Amino acid sequence: MAGTQAFLKQAFLRVFGPVASMRIWRAPGRVNLIGEHTDYNLGFVLPMALDLACYTATAPRSDGRLRVFSENYSEAREWRIEEVSEARPAGHWSDYPLGVARELVRAGYPVRPMNLLVWSTVPPGSGLSSSAALEVSVALALLDGRAIEPLELVRLCRRAENEFVGAPCGIMDQYVAVFGREGAAICIDCRSLEHRAVRLPEDVAIFAVNSMVKHELGQSAYPVRVQECRSAAAALGVESLRDATLAELERRRESLPDNQYRRARHVITENRRVEDFIRACEAGDLTGMGRLLVDSHRSLRDDYEVSCEELDFLVETALGIPGVLGARMTGGGFGGCTVNLVRKDAAEGFAPAIQDAYQRRFGLTPQIYPCVPSAGAGEL
Ligand code: ADP
Ligand code: MG
C-alpha cells in the first residue's frame, strides 16, 4: 500500500502539479468463481474482490471544472461542472467517470470542481471488472467523504454503466466492488440484493489466467443474450429466469426457439451450480467444487455460446495439469480470463505449465493473477 500511495502521489504531482492535500480511493476488481450470466437474470453469483484494484487520487480545483486523467491511458478529459448533469456519452473511456458524475448529480450529490487521477492494476476488458472498479473508485472520489448508502452507491454506478456507457450489465460487478470481503467470496442474491460470505477451503488456490484476447463479438453478443433471456422468461411466464425450473422448461421446450431454450437451460442449471458449489465448499469437497466449475464452463460454451477457442483451450489444458481441480471461463466471455481452482500443494507448477502450453498453441503469453480475496472499496 505504501508503494501504491507513493506512486500515485508522484503521478499526481507530475500531471497536476503540487497540491496541499490529496485523497486516494480504492475499488477492487473481482473474479467470479461461479454464477455466470445469472446476475441480470436475478439469480445467484459467487464473486470475490481481488487485490487488483482501481485507485482514484483527488484534489480540489478552483476554476469550476472537473478533470480526469487516466494514468493507464496517459490521457485526460475535462468538463465544466454545469455540463455534467446533461453530458452525453462519447464512446470513450471517460464515459465511465463522466457517467458516474452525472448519476451523482442527478441523485442529489453535486459534483465539486476537482482533479482526478485514475490508475488501475485491473487489466481492462479481461473479465475481471476493471469497469466497475473504475466507477466505484471515481464515485467515492467525487463524493469526497460524503456519506452514501452502500447499496445506493452500487446502483448508481450500475446506472452509469447501463444508461450512460450503454452496457446492459447486471449488478454483480459494482456490488462486489463495494461489498467484497477480505478472506472470502460473497454469494449475492441478485434479486433480494442480500449477500453472505463464503470462505474457501484452506487447501485450495485460485488463479485467473488471461487469454490476452478480446473478440469483438463479445460487445454485440452480451445485449443479445440479455434479450434472449428476457424473451425466454416471457415465454415461460416468469418475471425472470430466476423463477424458471428445469422441469417447466422441458415441458415447454417445443414452444421456445432452440436458442432461447438453451440460454434458459444455462441460467437455470447455473443457479443450481452456485448453490451446489457453496455446499461443496462448506463440506470441503474439492473434487465436487472443481467438477461444478467444469460443468459451468461447458454450459457457457454449449448452451450459452459465449466461450471461444482460446478459453476452451485454457480450460481443457488446465484440467490436464497436476493438482488442477477445475477451471472455467469467467466474466462475459469471448476472451478475457479463466478461473482455476488448484490444490495449494501443486500451485507452484500451475503457472509455468499453462503459460507454456498456451504460448506454444497461440504464440501469446497469458498473464496469471493469483487471486486473494480482498476487501471492498474505501479510502486508502
Ligand atoms: P472489464 O470490466 O471486464 O475489464 P469492460 O469492457 O466492462 O471490461 O470495461 C473496460 C473498459 O473500462 C475499458 O475499455 C476502459 O474504457 C475502461 N477502463 C477500465 N480501467 C480504466 C482505466 N484505468 N483508465 C481508463 N479507463 C479504464
Ligand atoms: Mg466491465
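**Exercise 1. M212**

Task: Is M212 buried or exposed, or does it fall in between?

Solution. Step 1: take the classes, where buried means under 20% relative accessible area, exposed over 50%, and partly exposed in between (1.4 Å probe, protein chains only). Step 2: M212 has a relative accessible area of 37%, so M212 is partly exposed. Helices (H or I, at least four residues) and strands (E, at least two) are DSSP runs, numbered from the N terminus. Step 4: look at the backbone; the phi of M212 is near 65°, a positive value in a residue other than glycine. Most residues other than glycine have a negative phi.

The model is predicted: local features need pLDDT of at least 70, side-chain atom pairs count only at pLDDT 80 or more, and totals for chains, interfaces and linings use all residues. Residues are numbered from 1 along each chain as its sequence is written, chains are lettered from A and ligands numbered from 1 in the order in which they are written, and side-chain values use heavy atoms, with hydrogens and water left out.

**Exercise 2. L193**

Task: Find where L193 lies, and state what its phi is.

Solution. Step 1: L193 sits in the loop between β6 (185–189) and β7 (194–198). Step 2: its phi is near 65°, which is positive, and L193 is not a glycine. Step 3: L193 is buried, because its relative accessible area is 12%.

**Exercise 3. The shell around ligand 1**

Task: Which residues come nearest to ligand 1, and which elements supply at least two residues of the shell?

Solution. Step 1: a residue is near a molecule if one of its heavy atoms lies within 4 Å of it. Step 2: there are 18 residues around ligand 1, and S70, N72, G125, S130 and S131 come nearest. Step 3: β5 (114–120) and α3 (130–143) each supply at least two residues of the shell. The largest share, 3 residues, comes from α3. Step 4: by type, the shell holds 8 nonpolar residues, 9 polar and 1 charged. Here Ala, Val, Leu, Ile, Met, Phe, Trp, Tyr, Cys and Pro count as nonpolar, Asp, Glu, Lys and Arg as charged, and the others, Gly among them, as polar.

**Exercise 4. Contacts of ligand 1**

Solution. Step 2: an N or O atom in the side chain of S70 is 2.8 Å from a nitrogen atom of ligand 1. Step 4: a polar side-chain atom of S131 lies 3.0 Å from an oxygen atom of ligand 1. Step 5: on its own, ligand 1 has 570 Å² of accessible area, and the protein covers 82% of that. Such areas come from the Shrake-Rupley method with a 1.4 Å probe; for residues, only the protein chains shown count as cover.

**Exercise 5. S137**

Task: What does the side chain of S137 contact?

Solution. Step 1: S137 is in helix α3. Step 2: S137 is buried, because its relative accessible area is 0%. Step 3: its side chain makes a polar contact with the side chain of T56, at 2.8 Å. Step 4: a polar atom of the S137 side chain also lies 3.3 Å from the backbone oxygen of L134.

**Exercise 6. E86 and R328**

Task: Which class of accessibility applies to E86 and which to R328?

Solution. Step 1: E86 lies in the loop between β4 (75–80) and α2 (95–106). Step 2: its relative accessibility is 57%, so E86 counts as exposed. Step 3: E86 and R102 are 16 residues apart in sequence, with their C-alpha atoms 7.4 Å apart. Step 4: R328 is in strand β9 (residues 324–329). Step 5: a relative accessible area of 0% is why R328 is buried. Step 6: R328 and S131 are 197 residues apart in sequence and 21 Å apart in space, C-alpha to C-alpha.

Definitions and conventions. A polar contact is a pair of N or O atoms within 3.5 Å; within protein, one must be able to donate a hydrogen and the other to accept it, and residues adjacent in sequence count only if both atoms are side-chain atoms.
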